[in-house]
Amino acid sequence: SKMIGQSLPWTLGLVGITTVLAFLVGSLIGTVAAWRRGGVVDSVLPSVFVVTSALPYFVVGLFLILFFAIDNTWLPGSFNYDTQIVPGFSPGFVGSVLQHAILPAATLLITSIGGWVLTMRNNMITTLAEDYIRMGRAKGLSDRKVMYHYAARNAFLPNLSGFAMSIGFVLTGAILVERIFNYPGLGYELYNAVNSIDYPMMQA
């Protein structure tokens, strides 16, 4: 339990950073896709992300473990750091934590970014039809300024509300992902508490 306790802040950071990264990158891609509607980005990426969003966490995680950890042994496929390294803020330990976090983070990113892309794209398309966008273009403002300061700023608000609701996911952890990668964290602790019928732990 001491080892798991030491790893909880790192796991919370993993899920939190991945959620924020998926939100920011997805919103940016959705903005560009809507602005260049009908272009390469709009034609290819939204369709790809629709497929990736429909994939279950455990399927993506198992494929990543198979390719990167078993077939090629490029990355570790379990736990959250090398147990031979003493936990601390040393370069070796931090590097080990980051290396072990790549596959779980990639699993969360691949399966969650699509929703942000599609939501932001739809919001942007609606916003681009507004009168103030035409006014900005009529004033001679650059496309970049109209896109980011006029359209994206207003289209971003519904996405921001969705991001606020997804904060609960950061706190509960990704149980399936943590189980697949044997990654001890908040979701892992919740799973163990349910299995052992530990009500105080579940409430905490």
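A residue is described as buried when its relative accessible area is under 20%, and as exposed when that value is over 50%. By this criterion Arg121, at a relative accessible area of 18%, counts as buried because its value falls under the 20% limit. The model in which this residue is placed is a predicted one, and Arg121 is found there in helix 4, which covers residues 91-127. When its neighbours within four places in sequence are left aside, Arg121 is in contact with Gly30, Ala33, Ala34, Arg37, Asp42 and Pro46.

The chain as a whole comprises ten helices and zero strands, so that, from the N terminus on, its elements read α-α-α-α-α-α-α-α-α-α. Its C-alpha trace spans about 65 × 40 × 35 Å along the principal axes, and 37% of its 204 residues count as buried. Among contacts between residues at least 6 apart in sequence, 72% join residues that are at least 24 apart.

A nonpolar patch on the surface is formed by Val40, Val44 and Val48, which together have about 260 Å² of accessible area. Val40 belongs to helix 2, a helix that covers residues 40-54, and this valine is classed as exposed because its relative accessible area, 69%, is over 50%. An α-helix has 3.6 residues a turn, and therefore residues three or four places apart point the same way.

Towards the end of the chain, helix 9 (residues 186-195) has Gly187, Tyr188 and Ala193 as its buried residues. This helix is followed by Ile197, for which the phi angle is positive, near 55°. Ala204 is found in the segment after helix 10, the helix of residues 199-203, and, with a relative accessibility of 86%, Ala204 counts as exposed because this value is over 50%. In sequence Ala204 and Phe181 are 23 residues apart, while in space the distance between them, taken from C-alpha to C-alpha, is 24 Å.

Conventions
Residues are numbered from 1 along each chain as its sequence is written. This is a predicted model: local features need pLDDT of at least 70, side-chain atom pairs count only at pLDDT 80 or more; totals for chains, interfaces and linings use all residues. Side-chain values use heavy atoms; hydrogens and water are left out. Patches are made of residues with over 30% relative accessible area and no salt bridge: like charges are joined within 9 Å, nonpolar side chains (Val, Leu, Ile, Met, Phe, Trp, Tyr) within 5 Å. Accessible areas come from the Shrake-Rupley method with a 1.4 Å probe; for residues, only the protein chains shown count as cover. A salt bridge is a side-chain nitrogen of Lys or Arg within 4 Å of a carboxyl oxygen of Asp or Glu. Helices (H or I, at least four residues) and strands (E, at least two) are DSSP runs, numbered from the N terminus. Buried means under 20% relative accessible area, exposed over 50%, partly exposed in between (1.4 Å probe, protein chains only). Contact means heavy atoms within 4.5 Å.
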